[in-house]
Amino acid sequence: MQNIYISLLYFQSVILTQPIFQKLMKISLLKRSALHLYILLFSFVFSADLYSQSVSTNVNTDSLKIGDTFEYALTLQTDQVYENIVFPDTTSFPLSIDLIDRQQYKLSEFKDSLVYNLQFFGNEDLQIDELPIALLSEEDTSTIYTDPVLIGFKSVVAAGDSTLKPMKPIYSFPRAWWPWILVLLILAAFLLWWFKFREQPSEETAEPEPEIEPFYHPIKELEKKLYGIKEESDIAETKDFKGFYSEVGDAIRTYFEVLYKIPALESTSTELIRYLDAYGVDDLMIDKTRTVLRKADLVKFAKFTPTLDDAWKTFEEAEEFLQKAKKVDAARVRRLKKKYDDQFKPKPSDVKKEDS
């Protein structure tokens with residue numbers, strides 16, 4: 001047995017020292033190294049393509065009350081310079097939030113950031129779903145999506161205020177007789193007038209022609225309302241900011257109701273802004289309308305108490321709206337006036353016929 005073991009050791013030493021066997025070993029090691037290198041390069045290329053472009057989503061709060069403002073930030077990392085990048089617009093967000101403004105930052109050649117300043121007007125948890133971001137290039141168009149965001153709703157009502165109060169007992173009151181006496185006196189007075197003092201029926205007269213209402217000039221009426229508010233307002237003494245903001249906001253709403261035929265008076269502020277976007281209203285007029293209505297909503301619904309200086313600054317926004325409307329909508333008002341004249345004013349040929 002020991003001889004056999006010694007023979008095997010000798011055979012192994014002889015084989016391993018042969019040049020052919022050493023070449024085969026070198027070839028095997030080279031193939032194995034090439035295979036490892038190929039796998040490493042394939043993994044690097046695949047991972048680089050997988051993580052070449054990404055978007056992260058961040059908000060600066062975890063709960064909201066009615067009227068709260070918050071920031072919704074998107075950070076986009078790309079693998080190349082795209083011809084155009086289309087971020088989500090206002091129609092992509094839920095109806096319970098309103099866009100105040102947005103700011104875009106160029107962090108690097110392949111990194112962009114967009115911050116939306118939003119205001120919350122809901123009464124339940126806010127769910128912002130996945131939003132699309134389109135990456136446009138000459139060769140292809142690709143779309144990536146943001147992560148959904150959930151922000152909790154925080155009620156302003158105290159926890160103890162939700163309890164029901166115990167019911168009070170029903171009290172019985174003595175029957176009042178004075179309404180019956182008053183009805184009898186009114187009936188007696190009517191009968192006295194009917195039999196003694198009523199006038200005899202006059203002769204039938206020709207029915208008067210219906211009175212034609214004068215032309216309603218939207219721009220002049222808006223100017224009249226705004227400066228009427230300015231002259232008659234006494235908010236410095238009464239502090240009735242709710243009434244002041246409502247009058248200024250309703251003046252602008254009435255202007256769009258009459259001139260653009262938009263249901264502005266019964267629409268919410270967000271719905272009205274979307275109507276204005278759809279109708280192609282001037283951008284500056286939309287911005288001024290958004291500012292005035294947003295401040296009015298804060299005062300009316302979020303129990304926000306502005307200062308006297310804030311109130312008059314909002315009024316100045318309405319005045320700037322008026323000056324822009326005079327330039328932009330003058331032609332629209334002229335067309336409305338011509339339509340009124342064609343309907344109500346007699347033509348010269350009709351006047352000649354009546355004279356003859």
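**Sheet, spaces and rings in a predicted model**

Gln127 stands opposite Leu150 in E10. The model in which these residues face one another is predicted. The pairing behind this contact is between E7 and strand E10, residues 149–153, which run in the antiparallel sense and share 3 bridges. Together with E2 they make up an open sheet of 3 strands, in the order E2-E10-E7, with mixed pairing. Strand E2 (63–64) and strand E7 (126–128) are the edge strands, and each of them pairs on one side only.

Rolling a probe the size of a water molecule over the atoms shows where empty space is left. In this model the search gives 3 cavities of 30 Å³ or more. The largest cavity has a volume of about 120 Å³. Its lining consists of Thr90, Phe93, Ile97, Asp98, Leu99, Leu118, Thr270, Ile273, Arg274, Asp277 and Arg290. Two elements give two or more residues to this lining, strand E5 (97–108) and helix H7 (269–279). The element that gives the most is H7, with 4 residues. By class, the lining of the largest cavity has 5 nonpolar, 2 polar and 4 charged residues.

The second largest cavity has a volume of about 40 Å³. Around it are Tyr216, Pro218, Glu221, Leu222, Lys225, Ala251, Thr254, Tyr255 and Val258. Helix H4 (218–232) and helix H6 (241–259) are the elements that give two or more residues to this lining. The lining of the second largest cavity divides into 6 nonpolar, 1 polar and 2 charged residues.

The largest pocket has a volume of about 340 Å³. It is lined by 15 residues, and those closest to its centre are Phe121, Thr268, Ser269, Thr270 and Asp297. Thr270 is also one of the residues that line the largest cavity. H7 and helix H8 (283–301) each supply at least two residues of the lining of the largest pocket, and H8 gives the most, with 4 residues. The lining of the largest pocket has 3 nonpolar, 6 polar and 6 charged residues.

The second largest pocket has a volume of about 240 Å³. Ile212, Glu213, Pro214, Phe215, Tyr216, Lys261, Leu336, Lys339, Tyr340, Gln343 and Phe344 line it. In this lining 7 residues are nonpolar, 1 is polar and 3 are charged.

The whole structure holds 16 aromatic pairs. One of them joins Tyr255 and Phe321, and because the ring centres are 5.7 Å apart and the planes stand at 85°, this pair is edge-to-face. Tyr255 belongs to helix H6 and Phe321 to helix H9 (residues 308–328), so the pair ties together parts that are 66 residues apart in sequence. Tyr255 and Phe321 are both buried. Elsewhere, ring pairs link Phe244, Tyr245, Trp312 and Phe315 into a cluster.

Technical notes: Residues numbered from 1 in each chain as written. Predicted model: local features only at pLDDT ≥ 70, side-chain atom pairs only at ≥ 80, totals over all residues. Heavy atoms only, no water. 1 Å grid on protein atoms, 1.4 Å probe; cavity = no way out; pocket = protein on both sides within 12 Å on 5 of 7 lines; lining within 4 Å. Points joined across faces, edges and corners; volume = space filled by probe spheres on them. Nonpolar A, V, L, I, M, F, W, Y, C, P; charged D, E, K, R; others polar. Pairing = 2+ DSSP bridges. Phe/Tyr/Trp six-rings, centres within 6.5 Å; stacked < 30°, edge-to-face > 60°. Buried < 20%, exposed > 50% of the residue type's maximum accessible area, 1.4 Å probe, protein only.
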